[in-house]
Structures are given as structure tokens and as C-alpha cells.
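Trainee: Before we go through the strands, the helices and one loop, could you show me the model and then take the features in turn?

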Amino acid sequence: MDYDYQIAVIGGGSGGLTVAAGAASFGAETALIERKPNLGGDCLHYGCMPSKALIQAAKEVHTSSHYQSFSNEDYDHLFSGAMERVAEAVEDVQNHDSKDRFIDMGIDLYEAEAVFQDPHTLRVGEKTITAKRIVIATGSSPFIPPIQGVDEVDYLTNETIFSLRQRPASMVVIGGGIIGIELSQAMSRLGVDVTVLEGNDTILANEDEEIAGIAQQTASREMNILTNAKADRIEKTQTGVKVVYTKDGVENTLEAEQLLVATGRKANTGSLGLEHAGVETEKGAVTVNASLRTSQNHIYAVGDCNGSMPFTHVAGMEGKIAVSNAVLGLSRKASYEKIPWVVYTAPEIYHLGLREKEAKEKYGDKLLTFKTKLENNDRFMAERNTTGLVKILTTSRGRIVGAHAVGEGAGEWMQEVGTVQALNKKFQSISNIIHPYPARNNVVSQTSDLYWREKLFGSRVNDLIQWYVKKWR
């Protein structure tokens, strides 16, 4: 059969753009289908870029507030300025993912919604196209829980909060995950009275328990955090919303001008007509194997729509694997053991691999845990940013199985550990690297030194060394 395209990509986010650009570079006839007006996906328009621009603006306001007092009028001005700054940042990055860039690569761009007609045929707006291979990269969207009354009020999500231009006096945030806490802290620093409702025992439940505990203690200084709290119903008021919630078996109420729902993500697969292509799903996400193939070998799925790790850098990684498999006929497999992520709160949180509880269950007595408090590091003492901790989990031979940290700039200086792990090197090898003093990543070297203290100075080997020194030196 002659196909219109060798490969068709559904979705113009990080994963889809990686696949489309790679396929075109390999010389494949490529179609890129995106239903929204602009390319870039959720990360560019509603996630990574706007949130980090907002976080930086809020950080600057927070730092300034230590040296001067702001009135409500000041915060109004600062808030509107921060949101304009977010819009400018998104526009700047949008130019990098411009449509012309991909059209110039020889890619046919379709600005419409794609629906499967059969395993090789897509209805794209008013047109029908066929492709030998297809990659689904449709991303995800905010999950809205079935809370009574939620559909009867105006609520914000990460897709709509950046459209605010006037500062709300108060905000209730349902959800204490990454999105909820990052945005809550930014809003609080811009003069909004924020209360977070989280159903679990702690915020950031996917983080190492000790790290999450430090993060919660720190965040509680800037906003109200209610854990073990479940929103039962929401009502509209003259000034905003009222949230009725249960905490520790007791019903309570909160009123605020704005409501932000940040309770997770759901895969964007409902309108694709996957049943016509024989593509299987689980809980709405496309089911894939390690090679990112779906139940149809010629159809792949990358990014949030396949239910893996919901991060832009993961979608990009999966896109590289999928395009090499789809275009070159390889069978490369995706591995998630060496993928870090960062929570861009203040202080930042770095996460790589297993949490301590998981590592103990897997490795038992063979697990080694090394910790350094930032209060014991010269650079953080000098900066007066001593809140934080480095925690590295290794096997008895030094293979890194988990790395976690909370601290100022942790997303940057902890990546050294991720690089060592990715290169299949042992944690103790960091001790042999000369770190400029007093760079922040000295705290990583300081932690790696603990390995030798554990393995050498507290062992029989040390007894032999002491005997040798006394006897012969």
C-alpha cells in the first residue's frame, strides 16, 4: 500500500516535536498534526515556561520584601507586572517552536484535530491522510475531581491561572503536588493569602518522606497548608467561592476570592478514536511496551499520553527513542531509573531514583544512606540558606539507587550525582573530583566523602592501616 506519509505525529508538544524534527532529519515524509493554534504543548503555554517565569518574578518580590514593606497597592502592581513578564517569556520561547521552523524542515503541518479511522488512516479536520507509522503525542490536561459543585463555580487550573492580571486577595488550592505547591508559593509571594488542601499526610507525596517533611515545614512559613483534608463540596459566593472540607473527621469551611484545582493530570486520548485503530488504553492512558509501541506495532505513544513520568524532559527522551524505532527500525527501550526531576519551590527539591523507604524494601541491609545537612556546608552558611538536606542512597558497593535533596538551587548542583549515575560510575568517585571552593556542589563532594568514612575508617581495613603506620612509618 502507498501511504501519504512515512510517519504522522499527533501532537505538537515536546515529545511530538522531537519525533517530527527527528523523522524529517532522517529523510522521512512527515506530517505533524496539532489542534491548538501554536506549537509547544502544555510545557510552553501552561507548564514549565510560565510557571518558572512566575516563580522567578515571585522570588524577586519575596527577596525585596525582606528590605522594604509593600502595601496592597504595591502588591497589585507587582502582581500585574509578574503576569505580564510571564506572557513575555512564553512569547520569547514560542519563537523557538515556530511553525515556520518545522515547515522549513519539509514537514507538512496540519492545524486540526486528528481522529483514527483505521490503524493507518487519520481524519484531520476536513482531510483524510494515511501513514505507514504513527506517533501519538497528545499530552495531558488538568484532572478535575468529581467534587460536588465544582462545575458550578469559576475555578483556575494551571492552564488558566496565567491569564490573571489582577491580584486576588485570597486563594484556596486543592492539591499539594508539584503544580499546586509551586503555584501556591508563587502566589503567596505576590501577596495572595493562600491555603492549600491536601488529602495525604504530607504535601509532595511522591518525594522522599524526609525531604517532603522539610519542604512542608519551610512552605508552611509562607502559606497555610492543611493535610489530611478532603474537599467535599464547593459553593459560589458573592466574593468568590466557599470550599467545604473534612479534616480529621471534622467538617470545616474556607472562603476565598479564587479557587485553583491542582489535583493531577489526565491523558488527552478521549477524542482520538483509538478504538478504530485497535489501540489499547488503561485508565485513559495509551498502553505501551518498553519500546514505546502500542498494541499496534506501527503506532507509538510518547509523553504524558502514555501515563509514564509526566515531565517535558521525559517526553523528549521518549520522542528520541520512538523516532529511532519508528524510522530506523530499531528496538531501543525507554528506561526511567536514571531520570531526575526537580520541584521548583524555594528551596528546590531534586529527585532521582528510589525514595529511602522504597530502597530499604528492595535492598535491605545492603542499602547505604549518606546525608549532609546544608547547615554543615560553608557555602550555604555564608549565604544564610542553611535549610536543606542532601541524601544519597547506594548499594554496599556504591551504586547510586536514589538521590534526593532540598536546598537553594538543588536542581542545579545535585545533577552531578545524576551524571555520575548515568555514566554507571560509583558514588564514591565524586570524592576524586576537585570541586572549586566554595561552590554549592561542594556539599555533594562532602556527602560522597562519607562513603569512605563508612567503608574505610570504620572497618578492619582501617585497623590494618593504623598498625602499618605505627609499625613502619
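Mentor: Let us begin with E21 and strand E22 (residues 389-394), which run antiparallel and are joined by six bridges; keep in mind throughout that the model is a predicted one.

Trainee: Which residue of E22 is the bridge partner of Lys373?

Mentor: Leu389 is the partner of Lys373 in that pairing.

Trainee: In what order do the strands of this open sheet of five lie?

Mentor: The order is E19-E20-E23-E22-E21, and the pairing is antiparallel. E19 and strand E21 (368-373) stand at the edges with a single partner strand each, so each has one side left without a neighbour in the sheet. On average, and with direction ignored, neighbouring strands here are turned by 10° against each other.

Trainee: How is E20 connected to its partners, and how many bridges join strand E19 (residues 340-343) to E20?

Mentor: Four bridges join E19 to E20, and the two run antiparallel, with Val342 standing opposite Tyr350 of E20. The link between E19 and E20 is a hairpin through four residues. With strand E23 (residues 400-407), E20 pairs in the antiparallel sense over six bridges, and Val406 of E23 is the bridge partner of Ile349.

Trainee: How many of the six residues of strand E20 (residues 348-353) are buried?

Mentor: Burial is read from relative accessible area, with under 20% as the cut-off. Five of the six residues of E20 are buried, so this strand is largely enclosed by the rest of the structure.

Trainee: Which residues does UniProt list for the dimerisation domain?

Mentor: An unreviewed UniProt entry lists residues 339-442 as "domain: Pyridine nucleotide-disulphide oxidoreductase dimerisation". In the model, that span is 26% helix and 29% strand, and its end C-alpha atoms lie 22 Å apart.

Trainee: How should I read a loop residue such as Asn376, and where is its place?

Mentor: Asn376 is in the loop between E21 and helix H11 (378-383), and its relative accessibility of 45% makes it count as partly exposed. Leaving aside residues up to four places away in sequence, Asn376 touches Met381 and Gln446. Asn376 and Glu361 are 15 residues apart in sequence, while their C-alpha atoms are 29 Å apart in space.

Trainee: Turning to the sheet of four strands, what is the order, and what is the sense of the pairing?

Mentor: This open sheet has the order E10-E9-E8-E14, and the pairing is parallel. Strand E10 (224-226) and strand E14 (258-261) stand at the edges, each with a single partner strand, so one side of each is left without a neighbour in the sheet. Neighbouring strands of this sheet are turned by 15° against each other on average, direction ignored. Five bridges join strand E8 (residues 170-174) to strand E9 (residues 193-197), and Val172 stands opposite Thr195 in E9. Helix H6 lies across E8, E9 and E14, running at about 160° to E9.

Trainee: How does one describe two packed helices?

Mentor: The description uses the angle between the axes and the distance between them. Here the axes of helix H3 (residues 48-64) and helix H6 (residues 178-189) come within 8 Å and cross at roughly 35°, and the crossing is left-handed. Among the residues making the contact are Leu54, Ile55 and Ala58 of H3 and Leu183, Ala186 and Met187 of H6. By class, the contact of H3 with H6 has seven nonpolar, two polar and four charged residues.

Note on methods: Residues are numbered from 1 along each chain as its sequence is written. This is a predicted model: local features need pLDDT of at least 70, side-chain atom pairs count only at pLDDT 80 or more; totals for chains, interfaces and linings use all residues. Side-chain values use heavy atoms; hydrogens and water are left out. Axes are lines fitted to C-alpha atoms, for helices over the stretch in contact, and angles run from 0 to 180 degrees between N-to-C directions. A crossing is left-handed if the near helix is turned anticlockwise from the far one by less than a right angle, and right-handed if clockwise. Contact means heavy atoms within 4.5 Å. Ala, Val, Leu, Ile, Met, Phe, Trp, Tyr, Cys and Pro count as nonpolar, Asp, Glu, Lys and Arg as charged, and the others, Gly among them, as polar. Buried means under 20% relative accessible area, exposed over 50%, partly exposed in between (1.4 Å probe, protein chains only). Two strands pair if DSSP finds at least two bridges between them. UniProt positions are given in the numbering used here, feature names are shortened, and annotations may be inferred rather than shown by experiment.
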